[in-house]
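Have a look at the model first, then read on.

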Amino acid sequence: MKIKQSFSEIVSFSLKENILININGNITELDGKKIGEINDARKSFKLNSDEIIILDSLNKPFYLFSGNLLIQNQRISTVTDKYFLTYSKKPRRYAIFDKQQMNCLFEANSSFGDVVLNDLIFSYNSGIIYCYNILSGEYILQFNLSNVEDKISSIIEFSGIHKNTLVCTLENGGVLGVDIDKAEQVFYFSNAQLRSGLYQKEEDSPIFIGLKHWTYLELNAEKGELIKKVDLQPQLKVLGDIPKESPCWLSINTTKYENNLIYFFADKNYVGVFDIEKTEIIDFHQFNFLDKKTTLKSGAESLQIKGNEIYCLDTNNDLHILETTPLAQSSSSCRKE
């Protein structure tokens, strides 16, 4: 893996919208062509095939090309392909909008939640999972984590849904499956050792795959079976030149799944590619930043993929484009470059 190109003073980027947002508010396409300027711009998303919306640091939404507010006195918290969720502070109000029709579907004085899967919104509060059905406008689930055999203190991530089964990762490293209609436990893997980073392998697939910390995991949500669990410490020790007899201090954090490959950030500013079929790290690069305080920026939005290119944002506002090598498609072992 090698660095192909770098851009400086980038606060965020989106390959889907072909946008770079500069720290001074300038907004350009990836080729550098300026397309707009929004003061304090931070994020972007497409409202439809033509309109691009820019969020500032307060999550206020602006049309890119006119600079006008999308919605007065509203801030956007969550965006999906079909919906976006808004909130206001004075008065405190929450709303669900249809992204295509731009109409408000529901409003309330309390939050609906912030994780949208299909047409459902999930939230977690005081030991209880809540689920709001956008189509019916009703809450359809209240599942208390005290019903699970282990003492669980928190949900970390709502990973996905297969049929009626919601799959969640937990603070204790376990993975939980809950029947949405019946509000009952379907499965619980206490020894999963995966607090987040679990993905549905394909749309509607019962197979979920995950890579985090030192573990690769596969499970079948329909059968309630843990299919595969791989300890990655031996591979990470090779990657980090760590002696076999020493503890593994190298750990995987941010991940992104695409086309049977999981791209990841790891400690010490490593970027890697993991092949889920081979269950092996097949390519990687380590950044050696001049400023020792600079690190790869956490969060899925800081790691994006386009073909054989990996886009990585660091905490110094530099965007790096890495090009994976043929090794990433054919290697059967983790090697040093």
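A salt bridge here is a side-chain nitrogen of Lys or Arg within 4 Å of a carboxyl oxygen of Asp or Glu. By that definition, the structure holds eight salt bridges. Please keep in mind that this is a predicted model, where local features need pLDDT of at least 70, side-chain atom pairs count only at pLDDT 80 or more, and totals for chains, interfaces and linings use all residues. Residues are numbered from 1 along each chain as its sequence is written, and side-chain values use heavy atoms, leaving out hydrogens and water.

**K16 and D81**
- K16 pairs with D81 in a salt bridge, with 3.3 Å between the closest N and O atoms.
- K16 sits in the loop between strand 2 (10–14) and strand 3 (19–22), and D81 in the loop between strand 9 (75–79) and strand 10 (83–88), so this pair ties together parts that are 65 residues apart in sequence.
- Strands (E, at least two residues) are DSSP runs, numbered from the N terminus.
- Both K16 and D81 are exposed.
- Exposed means over 50% relative accessible area, buried under 20%, and partly exposed in between (1.4 Å probe, protein chains only).

**K34 and E37**
- K34 forms a salt bridge with E37, and their closest N and O atoms are 3.2 Å apart.
- K34 counts as partly exposed because its relative accessibility is 47%.
- E37 is also partly exposed, with a relative accessible area of 49%.

**K201 and E277**
- In the salt bridge of K201 with E277, the closest N and O atoms are 3.6 Å apart.
- This pair links distant parts of the chain, 76 residues apart.
- K201 is partly exposed, at 24% relative accessible area.

Conventions:
Helix = DSSP H or I, 4+ residues; strand = E, 2+ residues; numbered from the N terminus.
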